[in-house]
Amino acid sequence: MFDSLTNRLNKAFKNIAGKGKLSEKNMDEMLKEVRMSLLEADVNYRVVKDFIANIKEKAMGTEVLDALDPSQMVVKVVRDELVALLGESETSIHFKEEGITTVMMVGLQGTGKTTASAKIANLLKKKKDRNVLLAACDVVRPAAIEQLQTLGQQIGVEVYSEGVEVDALTTAKNAYQYANDNGFDTVLFDTAGRLHIDDELMQELENISKAIKPDDILLTVDAMTGQDIINVAQSFHERLNVSGLVLTKLDGDARGGGILSVRAVTNVPVMFVGLGEKIEDLDIFYPDRMAERILG
Ligand code: GDP
């Protein structure tokens, strides 16, 4: 996904490699290249502006200019800024010390919400030894319930459902009660998505959120939608106070700009990344590893 960005950044670094002392002109030319490569990757304009200003300030510092190999120091400055842009360190689910941890999954239809619910349930079960219940609260699409049930069977996680006749809020409350009565320590609520953000969708999600008071609200956003990720994340965040993002379809050929911008613009951390259609294709998001990947 970041191939083109990686190539261009490396070209920019090559131009200053082995130069010994760097002049302001060398630096400006390099920064211009970095700027162009980020814009070409569809990174948000304001994010690029701040990013370049930060690098320039740090790279013109004496620590870099007086270094034995200034070009290497500049690459380190860019790397550190990339990590900062992506969110410094990983963010994990806010598990309750006692009682049931609740996670609400929200997102637009087709972004991979149901798949992500099952992937995260599987990860929590296997890696964190959690006793997870999946709650099928997408009562708009009967297929969504079936899909969750199939995935639940595949990973050996029980799915609570009352079909499409019962509304989402009631199903969510009953699922919580069921989890409480049956010794589950974690519930993941798969909620309905729509093709577009509308008031009805947001109201339903708000109602569930008020009733369940989830420890986390995770929003799935599709990397293929580029900078639109930012608008979607902002709209959901304003209404629901989203605590984390799941970036899906990172295995696709999106240019990556949305991914690089969304944290800086919305201040919502990325928690997980989806890397394919299979259950195992989910990773915890590590900003430093992502920065390394971008730099190649
Ligand atoms: P929902 O409508 O948001 O619940 O979306 P689904 O979970 O049904 O996923 C929509 C489609 O995207 C399905 O065909 C999934 O297999 C696919 N999908 C989900 N996550 C990923 C991912 O990380 N990579 C790829 N390539 N496909 C994904």
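This is a predicted model: local features need pLDDT of at least 70, side-chain atom pairs count only at pLDDT 80 or more; totals for chains, interfaces and linings use all residues.
Local features need pLDDT of at least 70, side-chain atom pairs count only at pLDDT 80 or more, and totals for chains, interfaces and linings use all residues. Residues are numbered from 1 along each chain as its sequence is written, and side-chain values use heavy atoms, with hydrogens and water left out.

**View 1. The whole chain.** The protein chain has twelve helices and eight strands. Both are DSSP runs numbered from the N terminus: helices are H or I with at least four residues, strands E with at least two. Along the principal axes, the C-alpha atoms fill a box of roughly 70 × 35 × 30 Å. Of the 296 residues, 52% are buried. Buried means under 20% relative accessible area, exposed over 50%, and partly exposed in between (1.4 Å probe, protein chains only).

View 2. The ligand is surrounded by 17 residues, counted as near if one of their heavy atoms lies within 4 Å of it. The closest are Gly110, Thr114, Thr115, Asp251 and Glu277. By class, the shell holds two nonpolar, nine polar and six charged residues. Here Ala, Val, Leu, Ile, Met, Phe, Trp, Tyr, Cys and Pro count as nonpolar, Asp, Glu, Lys and Arg as charged, and the others, Gly among them, as polar. Helix α6 (residues 113–128) supplies the largest share of the shell, four residues.

View 3. A backbone N or O atom of Gly110 lies 2.7 Å from a ligand oxygen atom. A polar backbone atom of Gly112 is 2.9 Å from an oxygen atom of the ligand. Asp251 uses its side chain: one of its N or O atoms is 2.7 Å from a ligand nitrogen atom. Taken alone, the ligand exposes 580 Å², and the protein buries 80% of that. These areas come from the Shrake-Rupley method with a 1.4 Å probe; for residues, only the protein chains shown count as cover.

**View 4. Thr220 and Thr111.** Thr220 sits in strand β5. Its relative accessibility is 1%, so Thr220 counts as buried. The side chains of Thr220 and Thr111 make a polar contact at 3.0 Å.

**View 5. Two residues with positive phi.** Asp42 is not a glycine, yet its phi is positive, about 75°. Asp42 lies in the loop between α2 (24–40) and α3 (45–59). With a relative accessible area of 22%, Asp42 is partly exposed. Lys213, also a residue other than glycine, has a positive phi near 50°. The loop between α9 (199–212) and β5 (216–222) holds Lys213. At 60% relative accessibility, Lys213 counts as exposed.

View 6. Leu9 belongs to helix α1 (residues 3–16). Its relative accessibility is 2%, so Leu9 counts as buried. Leu9 and Leu240 are 231 residues apart along the chain, and their C-alpha atoms are separated by 37 Å. Ser117 is in helix α6. With a relative accessible area of 0%, Ser117 is buried.

Note on methods
A polar contact is a pair of N or O atoms within 3.5 Å; within protein, one must be able to donate a hydrogen and the other to accept it, and residues adjacent in sequence count only if both atoms are side-chain atoms.
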